Amino acid sequence: MAAESADTADERLRVNLLGPVEAGRGDSPLDLGPVRRQAVLAALVLRADTAVTQQRLLDDVWGDNPPGTGHRVLPSYVYALRRALDAPHTAPDRSLIRGVRGGYRFVPEGVHTDTAELAERAALARDARAAADLPAALEQLTTALALFRGEEPLSGLPGPLAEAERRRLAQQRRALHRQRVECLVDLGRHTEALDALDALAATASPTEPYDEPLAALRMRALYGSDRQAEALAAYRQTRDRLREELGVEPGEELRRIHQAVLRHDHRLLLGRPSATSSTPPDAPRTPVVPTRSGSAGPSRPTLNELPGDTACLVGREAELARLTAPAPPDAVSVAAVDGTAGVGKTALVVRAAWTLAAQHPDGCLFVDLHAYGGPHDRVSPQRALHRMLRALNGADDELPDGLDGLGGLDGLARPDAAAELGELVAAWRTATSGLRLLLVVDNVRAAQDVRPLIPAGPGSRVLVAGRQRLPGLDADVRLTVEPLGAGEAVGLLRHLLGADRADREPEAARELARRCGGLPLALRIAGARLQSRPTWTLTHLIGRMPDADRRLGELRAEDRSVESAFRVSYDQLCPDLQHAFRAVGHSPTSRFDALTPAAMLGRPRADAEDLLERLVDASLLQQPQPGRYRMHDLVRALAHRLAATRPAETTSARTAVLHLYTAAGRLASDWGPQGFPTGPRHDSAPLHPPRFRDWRDAADWLDGAGGELVDVVAHAATAGESDHACWIAEALVDHLVRQGRYHECRTALKLALACVDDATDRRMPSSLRNGMGTADFYQGRYRQAHDWFTDALRAARRDDETREQARALAGLGAVQLPLGRLADAVAHLTEAAELGARLDDDWLTGMTTCNLGVIHAQEGRHGRALEHYAAALPLAEKLGSPRLISKTLCAAAASHLALGDHTSARDALRTAAEQASQAGDPQLRATSLSRLAAAEHGRGDLRAALALHHEALATLNEHSSTTVEIEIRSRLAHTYMALGRHTEAEAEFRKAHSLPGATTHPLAQS
């Protein structure tokens, strides 16, 4: 059994990120493709077992510059990764990369990743050190460090996520090195410890020269090696650097080690220090204040007004690193931190302040301006300055003349307050000109409230926190604090509730973290409620939050509530912004651009964008990428509550945005707006002015919604807008099918079909069924498509809907062709073409004429087929439909190929491939490229044919039909055979034969 287990483990998939990204199974490496594809894999693996939206992946890998076709690129990357990583014949629902709503999830079962092993080894090392088992800890740390390969993790990967993870993993690597050195020193292996320290110094970070714990370890290792003089020299070197470059003295621990070296304290230096003998690395230490040059007597005691540090700050390592990074010693450094209410801004800046406290020996001050409190709670700059001067000087009589008593004034209440503020600022700058201070200013609303408070002393730092972004403040660092990720939110819950209680319900813990939206305030309130009710389970609390509105009510504990925190921000908005806030709360998608509120508010796009940007500045909206906005779930719940008090306003905004999606879908469709004879464009309130330039503009806007288009239909259905639910689902059919998003298409249509009885548009029962048939037909589900088209035809005849009869007949004709019912296909298509001509429907007439040509071609009558294609092409060109043009040319090229006219086929297919690309149809483009490769093969240019086949394969994605892939791989195999590359030809034939449908595909049998 042991041998079998080892063999199984050896055959497990391995994914390694702690160096260049690589994967393998057994001894066989796997080809992961180009670096951006590797970056997509890394992003999924780093968030294993967590749903990652397509938009998040685009943000992770491309940052602020995503490709214009990003939502079409990602599926092709995922498709290629599945082909590389999954075992042969793995079903999509068993793949390592599972499709979830709007994104993907990496399932780590049975996969070994070096990052997971790193976390496990680090945890085992911590446990061993806590149990005083130093040899075991050393072994785990050594093994953990050996997992790192090369100079840096995720080597060469692009994107913000890879960059952030490289920094995080580099910090972890240094921390593990330090822990290993501690073990070596405590075990008395001083020479090895010095070697390890020298190796660590070779990869030193910019902050390493100020790393006092490392300096203490070096001194202990030198002392243990009988090199006391070098240990003392190491102390002097560190002390001089701290004094000269940071203006501080060494900390208590380093000075204690220095004294121990002077006293030859073997017990402290050579024995393992007790748990209480050293300050924990993350704990703040009281700084030692050097005596000022020229001052007499002892130095003044340090002034420290910082509030207590929070016991648990989860998931803020990157933000903390930015706030505590070295700053220029000859200037005042200002960092501005913003974020929505309850996101943990104060906790973050207080932790950063305690971390920086030792570098500011002249004092640490804390001022809360209470900008989001009541009018009587707010602190003006005058009052703040008065209080800080009092704290700095220690007594009222030390204030400058004429300024005593000013602290009672608020704002500019007195006529001469501005002049007095100027005098107070001058006094503050004079008092601080020779000091190195740390100032934290919390709950700030405007830059003008902070600017007077900035101290003058070089090397001083100011940390500013508030909900409002402060573009008017000159800041060296600007940081927006986002809600916690899923894993970090669960980690905070585990800390609040205790690991035992949280881990008893791991799924419920994840769901509770999701319902709290990763907001620390919400998580702490939920934790407090569970702490005060020990009989409640996490599942019980979740059950009390069935919707967003109830969630706000449950997230309340005594005087703390999420709703009141957000409500204060809303109340301080001007009326226009309040209106915009209520409107975007009813956006049917979680992410949106300025066009959505422009329609909802009836304003120009530029005006709407200005309103959105101001809501971002107020931290009531987030901006995950330029031009795209989103609202936190709990903030959206507040917007819903506020909008409910204005039903007429809400109805108007909702109708406008649903009109917008209907118009976009119809314009983006190959049918064109004229192909939809009923709907909102005939209402008394049409969409004015037009929001889209052309069909491409509309299609690109719909692409921006990613996987959330189904949510638009659901939004309309839930709101009782049955007609709009049907119209939007109908309008999206062509757009979704074109991209191979069949599941989304069918889901939207099913939602609409549930509303059809309540809709007033009697065309919808047949139209939606035609849409279902279309989705099934293009996915190769021909029997299901036949049933839907039959139902649609029955409904259209019952309701006397001629256009839908024609479409149902066209669909039946198209689907009977692959089912082998050629006579029925010809009859149905001929009748559909006649109805289409009578209706003056160019799209319907052109499509059916083209399909009649396909039937003639299948029966070997290629000359007759080309006549039909020649009749269909002008109709497609008249419509300006690149998809119909491409399909017609692609079909015509197949007949040219059958007739041996490879030059005509090549010319037609070049245009077909270009038109398919313009249409955003990857499957049609892949088909065009593969047939173009066949034309080049026929003309004797085998190299060009090979390149085109591979380009066609790269165009496929997870939504592509296997029939198309069979066709491409079979042709590619024939090209390999012609080149004499028999091994590669055989491999492609095997791949083609392994795909569903290969047994009946003519090319796979040739």
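Please keep in mind that the model is predicted.

Let's begin with the whole chain. The protein has 1006 residues, and 53% of them count as buried. Its secondary structure comprises 45 helices and 17 strands. If you look at contacts with a sequence separation of 6 or more, 68% of them are between residues 24 or more positions apart. The accessible surface comes to about 42,900 Å², and carbon and sulfur atoms own 50% of that area.

Now for the interior. In soluble globular proteins, nonpolar side chains tend to be buried together. In this model, the largest nonpolar core takes in 125 residues, and the ones with the most contacts inside it are Leu512, Val562, Phe581, Leu621 and Leu768. Helix H31, spanning residues 722-738, is the element that gives the most to this core, with 9 residues. Another core, of 48 residues, lies apart from it; among its members are Phe676, Ala792, Trp843 and Leu897.

Leaving aside residues up to four places away in sequence, Leu621 touches Val584, Phe592, Leu612, Leu615, Val616, Tyr629, Arg630 and Met631.

Strand E5 (residues 97-100) pairs with E6 in the antiparallel sense over 4 bridges. These two strands make a hairpin with 2 residues between them, and Gly102 in the turn has a positive phi of about 80°. E6 (residues 103-106) is also joined to strand E4 (residues 52-53), again antiparallel, through 2 bridges. Which residue of E6 stands opposite Val52? That residue is Tyr104, and Tyr104 is also the bridge partner of Gly99.

Helix H29, covering residues 695-703, shows how a helix can be mostly covered: 7 of its 9 residues are buried. The buried residues include Trp695, Trp701 and Leu702, but also Asp697 and Asp703. At the start of H29, a side-chain oxygen of Asp694 comes to within 3.1 Å of the backbone nitrogen of Arg696.

Finally, consider the charged side chains. The structure holds 66 salt bridges. One of them pairs Arg149 with Glu22, with the closest N and O atoms 3.6 Å apart. This pair links distant parts of the chain, 127 residues apart: Arg149 sits in the loop between helix H6 (134-146) and helix H7 (160-186), while Glu22 belongs to strand E2 (residues 22-25). Both ends are partly exposed, Arg149 at a relative accessible area of 21% and Glu22 at 36%.

Glu182 and Arg129 form another salt bridge, in which the closest N and O atoms are 2.3 Å apart. This one also links distant parts of the chain, 53 residues apart, with Glu182 in helix H7 and Arg129 in helix H5 (residues 114-130). Glu182 is partly exposed at 22% relative accessible area, and Arg129 is partly exposed at 22%.

Asp265 and Arg263 make a further salt bridge, with their closest N and O atoms 3.5 Å apart. Is Asp265 buried or exposed? Asp265 counts as buried because its relative accessible area is 17%, and the cut-off for buried is under 20%.

To close the tour, look for a network of salt bridges that links Arg666, Glu730, Arg763, Arg803, Glu804, Arg807 and Asp841.

Notes: Residues numbered from 1 in each chain as written. Predicted model: local features only at pLDDT ≥ 70, side-chain atom pairs only at ≥ 80, totals over all residues. Heavy atoms only, no water. Core = buried A, V, L, I, M, F, W, Y, C linked by side-chain atoms within 4.5 Å. Buried < 20%, exposed > 50% of the residue type's maximum accessible area, 1.4 Å probe, protein only. Contact = heavy atoms within 4.5 Å. Salt bridge = Lys/Arg side-chain N within 4 Å of Asp/Glu carboxyl O. Polar contact = N/O pair within 3.5 Å; in protein donor to acceptor, adjacent residues only side chain to side chain. Areas by Shrake-Rupley, 256 points an atom, 1.4 Å probe, with all protein chains shown as cover. Pairing = 2+ DSSP bridges.
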